[in-house]
Amino acid sequence: MIKETTSPRPVLLESQTRIRFDHCDPFGHLNNSAFLNYFQNAREDQVEEAYGLDIHAFFRKTGRAWVVGQNQIVYLQPAVVRELVTIQTSIIRVTDTSMLVEHVMLDEKKEKLKAVLWTKFVYIDVRKTARATHEPELMQLFEEVVYKEETPDLFEDRVKQLRAQHQPVA
């Protein structure tokens, strides 16, 4: 199910993307709802590239997938049309049946924090329409790549921590 990739596998995944006109409001700001798509699309591509896990092929083969159980998001600075942004993602917690993924959007130079998203993904068996348990192969991958540094339990505290890390240098 999971292709061989480089070892050790990276914990923090990162990619850049350009903000598109049709995802913006009349002021040229990325629509709030579009942030979720940018984050999810980046994560999907990053996981395939870094871990060799094509979640669509995985679903076709196993009938299992991850669905969004909960989102917590904060918008800190606008992302504007044609802007190149950096999206970082990482697993910050994992259980037998779910995982919490952090998504961070920064400017191109990674100096300005634009948005933070925590998504709780629930692992399900679509054929049985029931919660599923991660296979041992998946748990081995997740335990290898889960964020090892201490992360605050509360989303608001994590946002404060990230904002402090991205304060402008005087």
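How many helices and strands does the protein chain have? Hi everyone, let me start there. This is a predicted model, and its protein chain has four helices and six strands. Reading from the N terminus, the order is β-α-α-β-β-β-β-β-α-α. The radius of gyration is 17 Å, close to the 15 Å that the globule rule gives for 170 residues, so the chain is as compact as a globular protein of that length.

Now a word on how the chain is put together. Of its 170 residues, 43% count as buried. Take the contacts between residues at least 6 apart in sequence: 70% of those join residues at least 24 apart.

Next, please look at helix 3, residues 136-145. Which of its residues are buried? They are Leu138, Met139, Leu141, Phe142 and Val145. These five cover an arc of only 160° around the axis, which puts them on the same side of helix 3. On the face turned away from that buried side you will find the exposed residues Pro136 and Gln140. And what do the buried residues pack against? Their partners are helix 1 and helix 2, together with strand 2, strand 3 (84-94), strand 4 and strand 5 (113-125).

Let's move on to the largest pocket. It holds about 370 Å³ of space. The lining is made of 17 residues, and the closest to the pocket centre are Arg43, Glu44, Ile55, Trp66 and Phe121. Helix 1 (32-51), helix 2 (55-62), strand 2 (64-75) and strand 4 (98-107) each give two or more residues to this lining. Helix 1 has the largest share, with six residues.

As a reminder, most residues other than glycine have a negative phi. Lys110 has a positive one, near 65°, and lies in the loop between strand 4 and strand 5. With a relative accessibility of 36%, Lys110 counts as partly exposed. The other spot is Thr129, where phi is also positive, near 45°. Thr129 sits in the loop between strand 5 and strand 6 (130-131). Is Thr129 buried or exposed? Its relative accessible area is 72%, and the cut-off for exposed is over 50%, so Thr129 is exposed.

Note on methods
Residues numbered from 1 in each chain as written. Predicted model: local features only at pLDDT ≥ 70, side-chain atom pairs only at ≥ 80, totals over all residues. Heavy atoms only, no water. 1 Å grid on protein atoms, 1.4 Å probe; cavity = no way out; pocket = protein on both sides within 12 Å on 5 of 7 lines; lining within 4 Å. Points joined across faces, edges and corners; volume = space filled by probe spheres on them. Buried < 20%, exposed > 50% of the residue type's maximum accessible area, 1.4 Å probe, protein only. Arc of directions from axis to C-beta. Contact = heavy atoms within 4.5 Å. Rg over C-alpha atoms; globule rule 2.2 N^0.38 Å.
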